[in-house]
Structures are given as structure tokens and as C-alpha cells.
Amino acid sequence: MREHDLFERYESAFDGADDTMRRKGKRTNRRADDAEPTRRGRMTEEEKLRVARVREDQLSTADTPEDGDRWSTWGDAEQGPKPHPNWLITELAAVDRELGIVKTGKEADVFLLERAMGDRACLLAAKRYRSNDHRMFHRDAGYLEGRRMKKSRETRAIANRTAFGRNLIAEQWTVAEFAALTRLWQIGAPVPYPVQRSGTELLLEFIGDADGNAAPRLAQTRPDEDELLDLWRQLVATLMTLAEAGITHGDLSAYNLMVHEGRLIMIDLPQVVDLVANPRGVEFLDRDVRNICGWFASRGLPAEIGEPSALVATLLDVAGMA
Ligand SMILES: Nc1ncnc2c1ncn2[C@@H]1O[C@H](COP(=O)(O)OP(=O)(O)O)[C@@H](O)[C@H]1O
Ligand SMILES: [Mg+2]
């Protein structure tokens with residue numbers, strides 16, 4: 001079967017979700033396409049024009065809310081852990097509006113979204129994994145090959161990096177990050193609340209102020225001595241929480257930690273590493289700890305406090321692996 005057919009099949013499997021996933025400026029209407037005359041043979045110019053007009057009309061009257069970009073996708077998505085936080089708008093009649101880009105990256109882009117229902121609203125971060133040609137996911141290597149997939153055509157598509165395969169990879173990373181965030185949230189680690197996942201889009205609690213300014217990443221902060229020590233203690237507590245659950249971040253750095261109102265929040269977790277199941281688990285833990293200790297040392301944390309080997313030993317002990 002050709003890749004094109006596979007992709008169509010794949011898309012139709014997600015038709016329901018797709019209808020509510022129309023992106024700004026790129027709205028498509030599958031139903032309009034379906035309504036195309038099925039008659040074979042060449043259409044006259046007149047017929048072509050008529051079909052084009054019908055399609056145009058259907059596109060412009062597509063089911064989008066007047067005051068937003070799409071209806072809330074909450075109902076069709078995989079939803080975050082219960083109890084849902086009380087700031088979260090869960091009504092199906094809510095409206096999502098895209099307010100801007102928070103950050104574009106090589107592997108994913110993060111957008112600011114507002115979900116509103118009447119006079120209530122909440123801000124969300126929409127992390128959308130890329131599946132295009134330009135996407136370079138340094139975490140693909142090694143990680144995906146080890147995962148068992150049911151259907152061999154999917155395995156092949158991934159191996160050959162077809163459009164269909166790339167989309168599957170992007171979706172797998174989205175699924176993986178949503179699962180990691182859900183688990184971490186449930187064990188009380190400081191991560192953004194994972195609101196929902198659908199396709200290659202993840203919606204998260206927005207970490208930032210009410211005006212939509214994202215909190216700084218740890219790397220962008222210039223903490224004084226006391227603040228640095230406080231951030232260090234929070235980091236150690238967070239790593240302990242992860243170690244107790246037998247995991248490490250896997251890509252920990254001062255860019256994947258945010259500082260919001262003095263609180264250290266861990267983000268970017270699709271590659272979370274299981275210390276026992278992953279044969280290189282301890283190696284990843286060691287790398288995470290050394291990376292972040294390096295940043296604290298460069299900001300002046302005394303060496304005897306921020307010593308990486310001691311922290312690694314403590315974490316392995318907490319994980320029951322010492
Ligand atoms: N929940 C969030 N709230 C606010 N900003 C966020 C949130 N998640 C991510 N960001 C911003 O987007 C950037 C990229 O997100 P990240 O998850 O690290 O993806 P990437 O894989 O592109 O590094 C972060 O550095 C941060 O500035
Ligand atoms: Mg990141």
C-alpha cells in the first residue's frame with residue numbers, strides 16, 4: 001500500500017478529533033471534501049467552478065465559534081488526571097483562542113491559548129510536536145527502536161521516515177510526554193498540570209502571569225545567594241521525588257526548568273528515563289545531575305553543597321539501587 005493511502009487511512013481514523021483541530025489560517029474541511037461529486041470523468045469548467053464555490057462556502061461557514069479559533073477540544077481529547085484543578089475550564093461549550101507563540105523549537109512549538117466559557121477563562125500552553133521534514137528530534141535515536149509496535153506497516157513507516165511515519169513519531173512523543181507528566185503530577189512533582197492530549201498537541205497549565213508572559217527558564221534567572229540555595233533545595237527535592245518513582249528526567253538542564261514566583265518547575269519530559277528498565281538508566285541520571293550541578297556551580301553554589309557524585313549516590317539510594 002502506498003504511503004499516501006496509509007496516511008489517508010490514518011487521518012480518517014482521527015476524523016472526529018481532526019474536525020476540532022482546525023488550526024488558525026489552515027482550516028480544512030474534510031466534510032466539504034467528502035461532498036465532492038463522485039462521478040468519474042472530466043468536469044466541465046462550469047461544474048468545476050460550481051464545486052469550487054460550494055467548497056469555498058463550506059469553508060467559510062465551517063463550524064468555528066464567533067469569538068474563538070475552535071471549540072474546546074476537551075471532550076475529544078485524552079484528559080489529565082483527576083481531580084481536575086478548579087481553574088480548568090472543562091465545559092464542552094468553551095472556546096479556544098490562540099493568543100500567540102511562546103516559543104518555537106526544532107521539535108515542538110509552544111503556543112499560548114486561552115480557553116474561555118462566558119466570563120471565565122484560563123490560559124494554557126499548547127505544545128505541538130512537529131512532524132515535518134525540518135524537524136530534527138535528537139531524542140528519536142535509540143528510544144523508538146526499542147519500543148514494540150503492533151503493526152509492521154507502522155514500524156516500516158517510522159523506519160523510512162515517511163510523512164505518515166513522521167506523524168506517528170511526533171504523536172508517540174506527545175503520548176509519552178503526556179504520560180510522564182500525568183505520572184509526575186500524581187506523585188506530587190512540580191510539573192505543569194497536563195490538561196489534555198489529542199494527536200500531536202499537548203495542552204498544559206500555562207506557567208506564567210495572567211497577562212500571558214511565560215515564566216523565565218532557570219537559565220535566564222540571576223538568583224542571589226539565598227535564592228540560589230532555595231532553588232537548589234527545590235531541585236534536590238524534585239529529583240528525590242523522581243528517584244523514589246525510579247525515574248530521571250533524561251534531558252535535564254537549566255532550559256528545562258522554569259522559575260515561577262520562586263517555584264522551580266520541571267518541563268519537557270517526553271524522554272523520561274526509567275532507571276531500572278533502561279539499561280543506560282544510571283548513565284542518564286548521572287548526566288542529568290552533572291548538567292544541572294554545572295549550572296548551579298557556575299552561579300556560585302559552593303562546591304561542597306552542589307557536589308554531583310554525592311547527589312547521584314543519594315538518588316540511587318532513594319531509588320533502591322545503591
Ligand atoms: N507549561 C508551560 N507554560 C509556559 N511556558 C512553557 C510551558 N511549557 C513550555 N514552555 C515554554 O516553551 C519552551 C519550550 O518548551 P519545552 O517543553 O522545553 O520544549 P522543547 O522540546 O522545544 O525544548 C520552554 O522553554 C518554555 O519557555
Ligand atoms: Mg526544552
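How many bridges join strand 6 to strand 7, and do these strands run parallel or antiparallel?

Tutor: Four bridges join strand 6 to strand 7, and the two run antiparallel. First, the ground rules. This is a predicted model: local features need pLDDT of at least 70, side-chain atom pairs count only at pLDDT 80 or more, and totals for chains, interfaces and linings use all residues. Residues are numbered from 1 along each chain as its sequence is written, while chains are lettered from A and ligands numbered from 1 in the order in which they are written.

Start with strand 6 itself, residues 194–198. (Strands are DSSP runs of E, at least two residues; helices are runs of H or I, at least four; both are numbered from the N terminus.) Strand 6 is mostly covered, with five of its five residues buried. Buried means 20 or more other C-beta atoms within 10 Å of the residue's own; exposed means 12 or fewer, partly exposed lies in between, and C-beta atoms are placed from the backbone.

Now its two neighbours. On strand 7, Leu-204 is the bridge partner of Pro-194. Strands 6 and 7 form a hairpin, with two residues between them. One residue of the turn, Gly-199, has a positive phi of about 55°. Strand 2 (residues 78–79) is joined to strand 6 by two bridges, again antiparallel. Here Arg-197 of strand 6 is the bridge partner of Glu-78.

Seven strands make an open sheet in the order 1-3-4-5-7-6-2, with antiparallel pairing. (Two strands pair if DSSP finds at least two bridges between them.) Strand 1 (70–71) and strand 2 are the edges, because each pairs on one side only. Beyond strand 2, the loop to strand 3 holds Pro-83. The peptide bond from Lys-82 to Pro-83 is cis, with omega near 0°. Most peptide bonds are trans.

Next, the ligand. Strand 7 (201–205) supplies at least two residues of the shell around ligand 1, and so does each of strand 3 (95–104), strand 4 (108–117) and strand 5 (120–129). There are 20 residues around ligand 1; a residue is near a molecule if its C-beta atom, placed from the backbone, lies within 6 Å of it. Gly-105, Val-110, Ala-125, Ile-207 and Asp-268 come nearest. By class, the shell has eleven nonpolar, three polar and six charged residues. (Nonpolar covers Ala, Val, Leu, Ile, Met, Phe, Trp, Tyr, Cys and Pro; charged covers Asp, Glu, Lys and Arg; the others, Gly among them, are polar.) Domain 1 (3–11 + 68–205) and domain 2 (218–318) each give at least three residues to this shell. Those bounds come from an automatic or database domain assignment.

Asp-268 sits in the loop between strand 10 and strand 11 (273–274). Its phi is positive, about 60°, although Asp-268 is not a glycine. Asp-268 counts as buried because it has 25 C-beta neighbours inside 10 Å. Glu-261 lies in the loop between strand 9 (257–260) and strand 10 (263–266). Glu-261 also has a positive phi, about 50°, without being a glycine. But Glu-261 has 8 C-beta neighbours inside 10 Å, so it counts as exposed. Most residues other than glycine have a negative phi.
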